[in-house]
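Please open the structure in your viewer and keep the selection panel at hand.

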Amino acid sequence: MNERLLNVIRAPRISEKTARLAESNQYVFEVASTATKADVKAAIEQLFSVTVEAVNVVNAKGKTKTFRFRSGRRSDQRKAYVRLAEGQSIDVTAKA
């Protein structure tokens with residue numbers, strides 16, 4: 001069970017939109033395509049030692065792009081919007 005939870009969270013999403021959301025205690029993560037809301041909540045609480053209030057999961061369809069007259073398609077993504085309890089935060093921009 002522990003190993004499965006570690007494979008749920010792929011990476012944090014870093015953008016201007018997610019920076020604005022972080023001000024209101026919401027964070028965005030790229031998650032596995034098979035992850036459920038309960039899986040995401042358990043993984044975030046275990047990895048970062050925080051209390052999760054709500055999780056919203058979104059399936060983002062990949063775009064069709066053309067490169068050198070060849071058509072290709074980007075892969076689909078699954079994102080999780082996680083809202084934390086008041087007064088808690090996650091440092092997703094930490095340097096290694």
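Begin by selecting residues 64-67 and 70-73: these are strands β4 and β5, which pair in the antiparallel sense over 4 bridges. Strands are DSSP runs (E, at least two residues) and helices likewise (H or I, at least four), numbered from the N terminus; two strands pair if DSSP finds at least two bridges between them. The model is predicted, and local features need pLDDT of at least 70, side-chain atom pairs 80 or more, while totals for chains, interfaces and linings use all residues. Residues are numbered from 1 along each chain as its sequence is written, and side-chain values use heavy atoms, without hydrogens or water.

Within this pair, display threonine 66, whose bridge partner in β5 is serine 71. Next, select arginine 68 in the turn of the β4-β5 hairpin, where 2 residues separate the strands; arginine 68 has a positive phi of about 50 degrees.

Now select the open sheet of 4 strands, in the order β1-β2-β6-β3 with antiparallel pairing. Strands β1 (9-12) and β3 (52-60) each have a single partner strand, so one side of each is left without a neighbour in the sheet.

Tyrosine 27 has valine 82 in β6 as its bridge partner.

Finally, select helix α3 (residues 37-48), which contains leucine 47. Leucine 47 counts as partly exposed because its relative accessibility is 40%, the class between buried (under 20%) and exposed (over 50%), with a 1.4 Å probe and protein chains only.
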